Amino acid sequence: MNQKEIKALISLLDDEDHEVSQHVEGKILSLGGTVIPFLETEWEESFNPIVQRKIEELIHELQLSIMIERLQAWKNGGGLDLLEGMWIIATYHYPDLSIEKLRTTIEQLYYDIWIQFQEEMNAVDQVKRINSIFFGVMNFAANTKNFHSPTNSMISSVLESRRGNPITLCVIYLLIARKLGMPVYGVNLPNLFVLTYKSDKTQFYINVFNRGIIFSKTDIDHYIAQLNIKSKDIFYQPCTNLEIVQRVLRNLILSYEKTSEQDKIREIEKILKSTLDELPEG
């Protein structure tokens, strides 16, 4: 469709005949993400609040579809680039967010640590060196004041504010550690996300939410016992990038449950389902 035809369609959005307006909305959505710039221009030029609201809803619906397509493509490609997965989630709040901007920011953080990093250090000392810079000079910390804020799950917001929830802080820390050549991975604990340093000879754990404190398998044993739940292998071993992204999405659902934003809960559940191989029963 050309611009003139799209313009004609948009003019019918406030048609009094509900069937007509619904048909028009369906037609616009079928055009896909390429129509978004036209819709944005029409929104700016319109003085009709009904049309503007409908355009906003259509743009949001199209952006949501783009996000789901990107996430499925990322997953089907093996979910190899964790930063890309986190970027896709952040586009839920910030549709125009540039992944290159995120890469540049992570690259700068890595460089600032790398210049003070010594590969010949033992693993524990390497982690302590990262901690001193990450939580000291760089001022990353737990967002305890607004723990349930959805922005804690948006990597762009956490990189900007230096405040986040356990999983997003862990992701940033992990991305830097990987660039430094360290065998660091995410670990899915109940109610807490942590990291593990795991090589052939050594394994220990890092609680990034608590300023990078180092702890052992025995500490996890005690933690699980306190929660009075059955121990599982996943509480000790590395998880995949896909599992990290899925946990971020579950955190977002919890955030929106706190504010009773039902539309957002439904949307994030839809996004999460698009990443699951088999839908859970019920």
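Y197 and F204 are both buried, and in this predicted model the two residues also form an aromatic pair of the stacked kind, as described below. The briefing then turns to the nonpolar cores, where F134 is one of the two residues that touch the most other members of the largest core, and finally to two lysines that sit over tyrosine rings.

**Aromatic rings**

- Across the whole structure, a search finds 9 aromatic pairs, and one of them joins Y197 to F204, with 5.1 Å from centre to centre and 5 degrees between the planes of the rings.
- A single aromatic cluster is formed by F134, F135, F140 and Y173.

**Nonpolar cores**

- The largest nonpolar core holds 64 residues, and within this core the residues that touch the most other members are F134 and I172.
- Helix α9, which spans residues 166-179, gives this core its largest share, namely 10 residues.
- Apart from this core there is a second, separate one of 14 residues, which includes L9, L13, I28 and V51.
- When its neighbours within four places in sequence are left aside, F134 is in contact with N139, F140, L169, I172, Y173, I176 and V208, and of these contacts F140 and Y173 also belong to the aromatic cluster that contains F134.

**Charges over rings**

- The charged end of K179 sits over the ring of Y110, at a distance of 5.6 Å from the centre of that ring.
- K217 lies over the face of Y236, and here the distance to the ring centre is 4.7 Å.

Terms used:
Residues numbered from 1 in each chain as written. Predicted model: local features only at pLDDT ≥ 70, side-chain atom pairs only at ≥ 80, totals over all residues. Heavy atoms only, no water. Core = buried A, V, L, I, M, F, W, Y, C linked by side-chain atoms within 4.5 Å. Buried < 20%, exposed > 50% of the residue type's maximum accessible area, 1.4 Å probe, protein only. Helix = DSSP H or I, 4+ residues; strand = E, 2+ residues; numbered from the N terminus. Contact = heavy atoms within 4.5 Å. Phe/Tyr/Trp six-rings, centres within 6.5 Å; stacked < 30°, edge-to-face > 60°. Lys NZ or Arg CZ within 6 Å of the ring centre and 35° of its normal.
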